[in-house]
Amino acid sequence: MKSDDHTTPGKPVCAHTTPRRDFLKSAAAGAGFLILPSGALLGANAPSNKLNVAMIGTWGRADAHFDAISSENVVALCDVDENHLAHGAEKFPKAKRYVDWRKCLDQKDLDAVVCCTTDHTHAFIANWAMNRGLHVYCEKPLANSVAEARLVRATYLKNKDKLATQVGTQRHSNPNFNRVRELIRDGAVGALREVHAWGNRQLRRPGYLPAKGEPPKTLHYDLWLGPAPFHPYNPDYFSAGPGMNCLQWNMYWDFGSGQVGDMGSHTMDLAWNAIDAGLPTSAEAEGDAFNPEVSPVELKATFEHPANDWRPAIRVTWHQGGAMPRSPKEYIDLDKIGHGVMFKGAKGFLIADFGSRVLLPWGNDADLTYYHRRDKDEVAPDMGHFQKEWTNACKTDLKTSCDFDYGSTLIEQMLLGLVAYQVGEKIEYDGESGKVTNNKAANKLLKRKYRRGWKLKG
Ligand SMILES: NC(=O)c1ccc[n+]([C@@H]2O[C@H](COP(=O)([O-])OP(=O)(O)OC[C@H]3O[C@@H](n4cnc5c(N)ncnc54)[C@H](O)[C@@H]3O)[C@@H](O)[C@H]2O)c1
């Protein structure tokens with residue numbers, strides 16, 4: 001079943017280091033409890049205990065977390081915009097307030113962190129938080145470079161027996177994700193050959209915004225820039241409504257990865273959930289003419305994945321901003337599906353969006369007798385509320401559907417596509433070492449340069 005494939009079978013153990021805590025750890029683990037860094041006992045026998053949570057980013061996307069997290073103790077709030085911090089404090093008035101996430105993460109009583117900041121800070125916050133023994137829910141995209149994705153995964157894998165993590169791809173809990181997976185695993189399209197995912201969002205920008213005015217006194221602009229190279233203030237980076245403001249900055253290379261990290265995180269997840277893929281062995285990409293300031297709107301990136309124990313080698317392609325896969329039949333207009341996936345197998349096609357799917361058996365022998373529908377009791381159960389899956393996992397078995405192993409691998413592939421796009425030729429990739437083996441210039445593009453004073457490994 002799917003939930004076993006991507007999650008980490010962690011034992012409920014303690015993240016403490018002091019001798020007293022070690023004692024508590026072994027005593028509690030024996031009794032079936034989980035001890036949190038704050039010292040609270042959790043588990044089936046202590047249902048009233050709550051997580052001590054820090055919310056980093058307290059406006060915009062953060063609003064979508066307020067309800068799920070309000071059953072826990074929100075003890076810290078952090079936002080670079082003091083007005084946004086005040087917005088969070090209306091909901092959680094008792095929490096301590098910070099403008100610098102590095103100081104926030106030093107608060108001693110924390111168990112867990114919800115990160116809703118800009119993309120270029122996600123890997124930093126996730127990594128620092130895990131290094132402090134904290135569970136993390138991080139909004140998508142989990143990273144802004146291949147190297148960031150790899151470091152987050154390495155830190156998570158070191159701590160997977162202690163920490164629960166979740167990437168904020170909440171559409172994953174739509175039952176359609178598992179229905180698509182089951183159809184592919186059960187052979188509804190025959191042996192899998194190609195997978196396509198696409199998104200039609202187009203945000204064209206000429207380049208970084210010119211200097212305009214001074215940041216308001218309530219905005220700590222230097223902290224907003226954080227590790228990114230300096231770019232002058234312009235109010236347009238901050239001009240959209242709650243939950244939409246990421247579209248004001250995520251297409252600029254230093255702040256995000258455009259639609260690769262934005263809708264790409266969600267839509268590739270619908271495919272990724274069904275194919276049990278690790279890292280690709282190659283990437284090639286084409287799209288808009290390269291702009292050193294803005295990531296491409298139109299892009300097609302193709303990755304080769306080796307065979308695994310249930311399917312042959314496959315090609316996975318991400319299309320965005322106007323690039324689209326060819327429809328298998330003229331009566332199916334893929335352009336009508338804004339964000340979708342298509343699986344091509346030896347016996348047919350499966351086309352899906354986040355909530356629905358159609359199966360298209362193909363050819364004279366595609367009579368579906370080769371496909372064995374699973375019994376009702378083998379159908380994956382509803383996974384319930386996506387954010388609650390994480391808070392529950394923090395208190396129990398640490399298992400989530402989009403942990404940082406699953407999520408970092410997905411985004412590493414997508415960001416590798418942008419590297420292939422930048423060098424303009426097919427690159428061969430060694431996922432073990434994280435190196436491009438046939439192009440030196442590509443290797444330099446796997447990481448980013450950070451401003452002085454900002455360390456990814458904190
Ligand atoms: N899962 C989804 O469906 C979904 C939807 C929208 C946005 N998002 C993701 O959520 C994130 C935030 O998007 P948004 O539209 O809310 O953006 P935003 O620009 O409104 O930023 C959110 C909040 O974070 C604060 N912030 C920015 N940098 C910070 C820092 N270094 N430290 C502390 N606070 C900081 C901002 O002041 C703001 O209050 C993005 O990464 C985006 O991809 C996910």
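**Helices on a sheet**

Modeller: Helix α10 lies across β9 (192-199), β12 (314-320), β13 and β14, and runs at about 160° to β9. α12 packs on the sheet too, where it touches β10, β11, β12 and β16. The direction of α12 makes about 60° with that of β10. Keep in mind that this is a predicted model.

Biologist: What is the order of strands in the sheet of nine?

Modeller: The order is β15-β14-β13-β9-β12-β11-β10-β16-β17, and the pairing is mixed.

Biologist: What makes β15 and β17 edge strands?

Modeller: Each pairs on one side only. β15 covers 357-361 and β17 covers 435-436.

Biologist: How do you know that β13 and β14 are paired?

Modeller: Two strands pair if DSSP finds at least two bridges between them. Strand β13 (residues 339-345) and strand β14 (residues 348-352) share five, in the antiparallel sense. They therefore pass the cut-off of at least two. One example is M342, whose bridge partner in β14 is I351.

Biologist: Which strands pair with β10, and over how many bridges?

Modeller: β10 and strand β11 (residues 299-305) pair over six bridges, antiparallel. β10 and strand β16 (residues 427-430) pair over two, also antiparallel. Two is what the cut-off asks for, so the pair of β10 and β16 counts. In residues, E286 has K300 of β11 as its bridge partner, and A283 stands opposite I427 in β16.

Biologist: Which residues of β10 are on the covered face and which on the uncovered one?

Modeller: In β10 (residues 282-287), A283, A285 and G287 form the covered face. S282, E284 and E286 form the uncovered one.

**Two helices together**

Biologist: What describes two packed helices?

Modeller: The angle between their axes and the distance between the axes. For α10 (residues 263-275) and α12 (residues 404-423), the angle is about 115° and the axes are 10 Å apart. α10 passes α12 in a right-handed crossing.

Biologist: Which residues meet there, and of what classes?

Modeller: From α10 come G264, S265, M268, D269 and W272. From α12 come L410, I411 and M414. The residues of this contact divide into five nonpolar, two polar and one charged. Asp counts as charged, so D269 is in the charged class.

**The sheet of six**

Biologist: What is the order of the open sheet of six strands, and how do they pair?

Modeller: The order is β5-β4-β3-β6-β7-β8, with parallel pairing. β5 (96-98) and β8 (165-168) are the edge strands, since each pairs on one side only. The twist averages 15° from one strand to the next. Helix α11 (residues 386-395) packs on this sheet, touching β6, β7 (135-139) and β8. The direction of α11 makes about 165° with that of β7.

Biologist: How do you know that β3 pairs with β6, and β7 with β8?

Modeller: Count bridges again. Strand β3 (residues 52-56) and strand β6 (residues 112-115) pair over four, in the parallel sense. V53 stands opposite A112 in β6. Four bridges also join β7 to β8, which run parallel. There, C138 stands opposite V167 in β8. Four meets the need for at least two, so both pairs qualify.

Biologist: Which way do the residues of β8 point, and are they buried or exposed?

Modeller: T165 and V167 point one way, Q166 and G168 the other way. All are buried.

**One tyrosine**

Biologist: Why is Y221 called partly exposed?

Modeller: Y221 has 16 other C-beta atoms within 10 Å. Buried needs 20 or more, and exposed needs 12 or fewer. The value 16 falls in between, so Y221 is partly exposed.

Biologist: Where does Y221 lie, and what does Y221 touch?

Modeller: Y221 lies in helix α9. Leaving out residues up to four places away in sequence, Y221 touches P215 and Y233. The C-alpha atoms of Y221 and V80 are separated by 7.3 Å, although the two are 141 residues apart along the chain.

**The ligand shell**

Biologist: Which residues come nearest to the ligand?

Modeller: G57, G60, R61, N245 and C246, of the 29 residues around the ligand. α6 (119-131) and α9 (221-225) are the elements that give two or more residues to the shell. By class, the shell has ten nonpolar, twelve polar and seven charged residues.

**The whole chain**

Biologist: How many helices and strands are there in the protein chain?

Modeller: There are 13 helices and 17 strands. Of the 458 residues, 47% are buried. Among contacts with a separation of 6 or more, 65% join residues 24 or more positions apart.

Methods:
Residues are numbered from 1 along each chain as its sequence is written. This is a predicted model: local features need pLDDT of at least 70, side-chain atom pairs count only at pLDDT 80 or more; totals for chains, interfaces and linings use all residues. A residue is near a molecule or strand if its C-beta atom, placed from the backbone, lies within 6 Å of it. Axes are lines fitted to C-alpha atoms, for helices over the stretch in contact, and angles run from 0 to 180 degrees between N-to-C directions. Two residues are in contact if their C-beta atoms, placed from the backbone, lie within 7 Å. A crossing is left-handed if the near helix is turned anticlockwise from the far one by less than a right angle, and right-handed if clockwise.
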